[in-house]
Amino acid sequence: MSDAETPIEPFFLHEMPGPQVTAKDIVRALVKGGVPISTASARVQNYAKNRLIHTREKKSAAVNSPNIYSVFDVFAAKVLSALHDVGIADPDVLFKASVALYMWNLGHFPDGRVPENFTASPIVHAVAGVFAGQDWVFRLDFWRNPQTEARYVNAFLAGGPLPPAQRWKDYTPDFEPLASVVVMLEPHFLPLRYLVAPPAKGAH
């Protein structure tokens with residue numbers, strides 16, 4: 001059984017703003033959420049190797065110089081790790097999840113255009129929204145064609161002013177809903193506020 005062809009164009013990929021971090025920082029963030037350090041290290045290596053999170057540059061020209069990531073890659077890794085925690089390990093599903101974190105799914109926008117107020121990547125909007133007190137989720141919707149047994153996976157972030165992404169019905173006219181997985185982002189993101197905002201004066 002193979003996935004139904006999922007349209008990945010047109011999507012929009014943007015440069016990531018904010019501080020830079022290393023893989024050790026990403027591992028530390030996963031450990032902070034309760035993932036054992038050996039598991040966290042293996043997950044981060046897997047995410048980087050399979051381009052589920054994205055290396056921005058090398059820290060230096062030295063051979064063993066660590067890779068540099070955007071701080072928002074930390075939050076992307078947190079979402080992927082949460083999916084691993086609930087048993088989502090299918091490489092194709094994790095790839096679709098990664099795409100949805102970094103690129104806009106036009107299923108959000110009925111007219112096929114990304115509004116000007118959504119100029120950054122989805123993960124950037126989700127982090128900003130959570131820290132502004134909005135409810136954001138990451139969702140995977142699974143659909144199945146009962147005749148062919150082909151699978152369709154719709155992955156997206158939603159929250160604040162951003163509605164859930166609609167299924168691409170032109171590509172999946174005979175597909176029926178199978179299951180959904182929802183990751184609540186607030187408990188995963190709020191403990192990492194220190195990554196994007198300095199501590200208040202007097203805080204310890």
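These legends accompany a set of close-up views of a predicted model.

**View 1. The whole chain, as a starting point.** Before zooming in, here is the overall layout of this predicted protein. Its secondary structure comes to six helices and six strands, and reading along the sequence gives the order β-α-α-β-β-α-α-α-β-β-β-α. Of the 204 residues in the protein, 45% are buried. Take the contacts between residues at least 6 apart in sequence: 68% of them join residues at least 24 apart. The accessible surface comes to about 11100 Å², and carbon and sulfur atoms account for 55% of that surface.

**View 2. Helices H2 and H3 where they cross.** Two packed helices are described by the angle between their axes and the distance between the axes. Here the axes of H2 and H3 (residues 71–85) come within 11 Å and cross at roughly 115 degrees. The crossing of H2 past H3 is right-handed. On the H2 side, the contact is made by Arg-43, Asn-46 and Tyr-47; on the H3 side, look for Ala-77, Leu-80, Ser-81, His-84 and Asp-85. Sorted by type, the residues of this contact are three nonpolar, three polar and two charged.

View 3. Is Leu-80 buried or exposed? Leu-80 counts as buried because its relative accessibility is 0%, and the cut-off for buried is under 20%. Leaving aside neighbours within four places in sequence, Leu-80 is in contact with Tyr-47, Leu-52, Ile-53, Leu-94, Ala-97, Ser-98 and Leu-101. Tyr-47 is also one of the H2 residues in the contact with H3. Another pair to locate in this view is Leu-80 and Arg-43, which are 37 residues apart in sequence and 8.9 Å apart in space, C-alpha to C-alpha.

**View 4. Ser-98 in helix H4.** Ser-98 sits in H4, the helix of residues 91–102. With a relative accessible area of 3%, Ser-98 is buried. Which residues does Ser-98 contact, leaving aside its neighbours within four places in sequence? They are Arg-51, Leu-52, His-54 and Leu-80.

**View 5. Arg-51 in a loop.** Arg-51, a contact of Ser-98, lies in the loop between helix H2 (37–49) and strand S2 (57–58). Its relative accessible area is 59%, so Arg-51 is exposed. Check the backbone here too: phi of Arg-51 is near 55 degrees, a positive value in a residue other than glycine.

**View 6. Asp-141 in strand S4.** Asp-141 belongs to strand S4, which covers residues 136–144. Asp-141 counts as buried, at 7% relative accessibility. Its side chain is joined to that of Arg-139 by a polar contact of 2.9 Å. Leaving aside neighbours within four places in sequence, the contacts of Asp-141 are Tyr-152, Val-153, Asn-154, Phe-156, Ala-179 and Ser-180.

**View 7. Glu-149 between two strands.** Follow the chain into the loop between S4 and strand S5 (151–159), and you reach Glu-149. At a relative accessible area of 44%, Glu-149 is partly exposed. Phi of Glu-149 is near 65 degrees, a positive value in a residue other than glycine.

Note on methods. Residues numbered from 1 in each chain as written. Predicted model: local features only at pLDDT ≥ 70, side-chain atom pairs only at ≥ 80, totals over all residues. Heavy atoms only, no water. Helix = DSSP H or I, 4+ residues; strand = E, 2+ residues; numbered from the N terminus. Buried < 20%, exposed > 50% of the residue type's maximum accessible area, 1.4 Å probe, protein only. Polar contact = N/O pair within 3.5 Å; in protein donor to acceptor, adjacent residues only side chain to side chain. Contact = heavy atoms within 4.5 Å. Areas by Shrake-Rupley, 256 points an atom, 1.4 Å probe, with all protein chains shown as cover. Axes fitted to C-alpha atoms, helices over the stretch in contact; angles between N-to-C directions. Left-handed = near helix turned anticlockwise from the far one by under 90°. Nonpolar A, V, L, I, M, F, W, Y, C, P; charged D, E, K, R; others polar.
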